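Subject: Structure handover

Hello,

Here is the structure I promised to pass on. Please look it over; my notes follow below.

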Amino acid sequence: MQSLIGTGVALVTPFKKDFSVDIEALQRIVNFSIDGGVEYLVVMGTTAENATLTTEEKELVIKTVIDVNKGRLPLVLGVGGNNTMQIVEELKTRDFSAFEAILSVSPYYNKPTQEGIYQHFKAIAEASPIPVILYNVPGRTSSNMLPSTVIRLANDFENVVAIKEAAGDMAQAMQIIKNAPKDFLVISGDDMLALPIVLAGGAGVISVIGQGFPKEFSEMIRLGLNKKAADAFKTHYFLSDSIDMIFEQGNPAGIKQIFQALGIADNTVRLPLVSVDDSLAERLNEFVKNSIK
C-alpha cells in the first residue's frame, strides 16, 4: 500500500486545563502535521490517550480529524484491544469510509500464546472491511508477537498489509522484512529506530516525535527511503535528544510539552499520566527554542 509508505503520525488528544478535549488545538495539530509534509495520520492510537476517553469523546476526536483533514491525507484508525469479540463487533458496525486502514494492537494484559495472537488477528482480518496494520509493542502488551506469527498472518490474509513493529529489536524487524511477502510493509513503531529500519528495507514509521517536528522528521524518512543515509542521519542525530526526552517521563506527556513550547496545545494529560516535571519541561522548551529556524 503506497499510501502507508513514509511518515505517519500517531496524533495526541489535546486537553484544556480542565481536562476537556481541546478541539481547536486538535485542529491546529492536524494542520501542523499536514503542512509539515507527513504522509498519513493515525487517529486513536495509544498516543491519543484513548484509554482515558469516553466513547463520545473518541467519536468527537475522530470526526474532528476527518473534518479538518478534508481528504488531504490518508487516515488510519486505531481499532484494537484485548477483547476479540468486541473488536469484531466494532469492525462490523463502524463506518470506515474515511479510513485507509486500521491499526490493531496485539492483545495486552491477557498474555495470549502465539496461537492466541494468531487467532485474534484472524478474527479481525476476517471481519475488517479495510486493510489491517498489526501493531506489536511488547513494552505495553507484555507479550511479543514473534516474526513467525506476523509472517503467518501476512501469508494467510491478503488484507493484513503491514506491521507497526515496536519491539525495539532491530534483528526482529529485519527478520520480518526478510521473510514477509513482497508487498507487506514493516513500519517502525519506534522513533529512534525508524531510520535504521527504513534503511534495512522498512516502509517508514508511525511516529510520535513526527507531529512535533513534521517537516524535519518526514524529510529524514524520505531521505532514508531514497537511500541517502548520510543526509538522513544528520537529521536523526539532530532529533535524537528530543526523541529520548519525549519518552523519558511517559508518552504523550513529552510530546505534549513540545506542543506547549510551540504554542499549539496545552501540555495537560489525564490521570494516571501526569505532565512532565519542571526539569524536563525546561529541557524540551530549550530544544524547541534552539530548533526553530
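Helices (H or I, at least four residues) and strands (E, at least two) are DSSP runs, numbered from the N terminus. The model is predicted, so please note the limits: local features need pLDDT of at least 70, side-chain atom pairs count only at pLDDT 80 or more, and totals for chains, interfaces and linings use all residues. Residues are numbered from 1 along each chain as its sequence is written, and side-chain values use heavy atoms, with hydrogens and water left out.

Overall fold

The protein has twelve helices and eight strands. Its radius of gyration is 18 Å, close to the 19 Å from the globule rule for 293 residues, so the protein is as compact as a globular protein of that length. That radius is taken over C-alpha atoms, and the rule is 2.2 Å times the number of residues to the power 0.38. Along the principal axes, the C-alpha trace spans about 50 × 45 × 35 Å.

Of the 293 residues, 53% count as buried. Buried means under 20% relative accessible area, exposed means over 50%, and partly exposed is in between (1.4 Å probe, protein chains only). The exposed surface comes to about 12,700 Å², and carbon and sulfur atoms supply 52% of it. Areas come from the Shrake-Rupley method with a 1.4 Å probe; for residues, only the protein chains shown count as cover.

Contact here means heavy atoms within 4.5 Å. Among contacts with a separation of 6 or more, 71% are between residues 24 or more positions apart.

On charge, there are 26 positive and 34 negative, and their mean positions are 3 Å apart. Lys and Arg count as positive, Asp and Glu as negative; His and the chain ends are not counted. Each charge is placed at NZ of Lys, CZ of Arg, CG of Asp or CD of Glu.

Helix α9

Helix α9 covers residues 214-225. At 1.5 Å a residue, its twelve residues should span 16 Å, and the end C-alpha atoms are 16 Å apart, which agrees. The expected span is 1.5 Å times one less than the number of residues.

Which residues of α9 are buried? They are Pro214, Phe217, Ser218, Met220, Ile221, Leu223 and Gly224. An α-helix has 3.6 residues a turn, so residues three or four places apart point the same way. The buried residues of α9 pack against β1 (6-10), α1 (23-35), α8 (194-199), β8 (204-207) and α10 (229-248). After α9 comes lysine 227, with a positive phi near 60°.

Threonine 7 sits in strand β1. It is buried, at 0% relative accessible area. Beyond its neighbours within four places in sequence, threonine 7 contacts Val38, Glu39, Tyr40, Val205, Phe217, Ser218 and Ile221.

Not counting residues up to four places away in sequence, glutamine 27 touches Thr64 and Val68. Threonine 52 is 25 residues from glutamine 27 along the chain, and their C-alpha atoms are separated by 20 Å.

Valine 276 belongs to the loop between α11 (253-262) and α12 (278-291). Its relative accessibility is 9%, and it counts as buried. Setting aside residues up to four places away in sequence, valine 276 touches Gln249, Ala253, Gly254, Gln257 and Ala281. Glycine 36 is 240 residues away from valine 276 in sequence and 25 Å away in space, C-alpha to C-alpha.

Backbone points to check

Most residues other than glycine have a negative phi, and most peptide bonds are trans. Some places here depart from that.

- Asparagine 251 and proline 252 are joined by a cis peptide bond, with omega about 10°. Proline 252 is in the loop between α10 and α11.
- The bond from leucine 271 to proline 272 is also cis, with omega near 15°. Proline 272 is in the loop between α11 and α12.
- Methionine 44 is not a glycine, yet its phi is positive, about 65°. It lies in the loop between β2 (40-43) and α2 (55-69), and it counts as buried at 5% relative accessibility.
- Lysine 111 has a positive phi near 55°. Its place is in the loop between β4 (101-105) and α4 (114-127), and at 55% relative accessibility it counts as exposed.

Best wishes
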